Amino acid sequence: MRTLTYREALREGMSEEIERDENVVIIGEEVAQYNGAYKVTEGMLEKYGEKRIVDAPISEGAFIGMGIGASMLGLRPVMELMFFSFAYVAWDQMINNASSLRYMSGGQINCPIVIRGPANGGTNVGATHSHTPENAIANVPGLKVVCPATAYDAKGLIKSAIRDNDPVYFMENTLLYGESWEVPEEEYLIPLGKADIKREGKDLTIVAHGRPVILALKAAEILEAEHDLDVEVVDLRSIRPLDEETIINSVKKTNRVLLVEENKPFCGVGAQISHLIQEKAFDFLDAPVKRLSSIDAPAIYSDPLEKRQVPNVDRIIKAALSVG
């Protein structure tokens with residue numbers, strides 16, 4: 001099977017949707033002339049023209065608001081943020097408008113918009129460019145949050161996100177753009193809200209999303225080889241809707257859990273899942289739920305210090321071995 005990088009898979013998924021539906025447009029900072037800040041939209045302007053691939057000024061509140069309006073009138077905009085940290089500039093449009101239109105209109109108005117872009121830290125771009133806002137956005141009713149970990153998932157999920165009639169926030173880890181995975185040539189979709197067991201195991205469940213899934217898989221190989229620990233890795237893929245059934249079934253199978261995320265610990269995604277497990281699978285636990293998050297401080301600019309701030313393979317192994 002052929003391989004594609006994460007960015008190539010995203011580009012192919014969006015291209016297929018542009019060709020399938022004349023209402024799909026891509027709008028964002030540097031998506032056209034510059035081919036995207038991380039080259040996800042490379043070559044798309046030449047292929048699809050300036051009416052389908054549209055540059056926007058660095059004014060997130062304005063162009064996200066424009067996209068919301070366009071979606072109300074029948075288009076299906078895919079909005080690219082140069083960094084997902086800039087979403088906070090457009091918070092009013094995203095939270096007060098996009099999330100509420102269906103509810104406030106009594107179901108008469110859909111808002112089929114995708115807001116996507118690079119999120120998370122690890123690239124030494126400082127505190128204002130390294131946020132992990134999936135927990136904050138997932139807190140808002142009416143919004144969907146997707147965090148793919150592989151090229152295969154990125155393509156299948158972006159296609160489903162574009163076809164969804166609700167606002168979908170699609171967060172791509174910057175460090176994954178150049179990584180490659182096998183991706184089939186035939187069309188496929190991955191439903192939003194369905195987790196994936198990336199590795200079967202019987203001794204411990206690691207639940208993660210985004211790049212920590214890849215780190216957890218590497219840690220699982222070492223834990224098996226050096227500590228005879230058979231680890232199951234659950235990739236959430238979507239934070240909201242959350243696939244509670246897959247999480248709970250895995251906990252019932254292994255009886256031990258480690259939650260890994262790049263979120264900060266306070267009110268992070270792991271806090272929500274920890275509560276879910278104690279509420280629905282408490283009797284199946286043989287040890288307290290363990291959480292591993294980023295260190296609770298703004299992102300550090302220094303490369304060696306930032307590498308120690310976010311989860312890494314060594315920290316995951318140490319945390320896994322500390323689960324009772």
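Predicted model: local features only at pLDDT ≥ 70, side-chain atom pairs only at ≥ 80, totals over all residues.
## Largest pocket

The largest pocket holds about 300 Å³ of space. Its lining consists of 14 residues. Nearest the centre of the pocket lie Asn135, Ala138, Asn139, Ile239 and Gln272. By class, the lining of this pocket has eight nonpolar, four polar and two charged residues.

Three elements each supply at least two residues of the lining of the largest pocket: α6 (134-138), β12 (238-240) and α10 (269-280). Of the elements, α10 gives the most to this lining, with four residues.

## Cavities

The count of cavities of 30 Å³ or more comes to four. The largest cavity has a volume of about 90 Å³. Lining the largest cavity are Asn120, Glu134, Cys147, Pro148, Met171, Asn173, His209, Gly210, Arg211, Pro212 and Glu262. Two or more residues of this lining come from β7 (168-173), and two or more from α8 (211-227). The lining of the largest cavity divides into four nonpolar, four polar and three charged residues.

The second largest cavity contains about 60 Å³ of space. Its lining is made up of Gly121, Ser130, Thr132, Glu262, Lys264, Ser294, Ala299, Glu306, Gln309 and Val310. By class, these are two nonpolar, five polar and three charged residues. Glu262 is listed in the lining of the largest cavity and also in that of the second largest cavity.

## Packing of α3 and α4

Helix α3 (residues 60-72) packs with helix α4 (residues 91-98) at an angle of about 25 degrees, and the two axes are 8 Å apart. The pair is therefore roughly parallel, because angles under 35 degrees count as such. On the α3 side, the contact is made by Gly61, Ile64, Gly65 and Ile68. On the α4 side, the contact residues are Gln93, Met94, Asn97 and Ala98. Taken by class, the contact of α3 with α4 has four nonpolar, four polar and no charged residues.

## Gly201

Gly201 sits in the loop between β9 (196-199) and β10 (204-208). Its relative accessibility is 5%, so Gly201 counts as buried, the cut-off being under 20%.

Residues up to four places away in sequence aside, Gly201 touches Asp230, Val231, Glu232, Lys253 and Thr254. The C-alpha atom of Gly201 is separated by 7.6 Å from that of Val233, which is 32 residues apart from Gly201 along the chain.

## Arg237

Arg237 is placed in the loop between β11 (231-235) and β12. With a relative accessible area of 8%, Arg237 is buried; the 20% cut-off applies here too.

Apart from neighbours within four places in sequence, Arg237 is in contact with Val146, Cys147, Pro148, Asp153, Leu157, Ile190, Lys194, Ala195, Asp196 and Lys198. Among these contacts are Cys147 and Pro148, both of which also line the largest cavity.

Notes. Residues numbered from 1 in each chain as written. Heavy atoms only, no water. 1 Å grid on protein atoms, 1.4 Å probe; cavity = no way out; pocket = protein on both sides within 12 Å on 5 of 7 lines; lining within 4 Å. Points joined across faces, edges and corners; volume = space filled by probe spheres on them. Nonpolar A, V, L, I, M, F, W, Y, C, P; charged D, E, K, R; others polar. Axes fitted to C-alpha atoms, helices over the stretch in contact; angles between N-to-C directions. Parallel < 35°, antiparallel > 145°, perpendicular 65-115°, else oblique. Contact = heavy atoms within 4.5 Å. Buried < 20%, exposed > 50% of the residue type's maximum accessible area, 1.4 Å probe, protein only.
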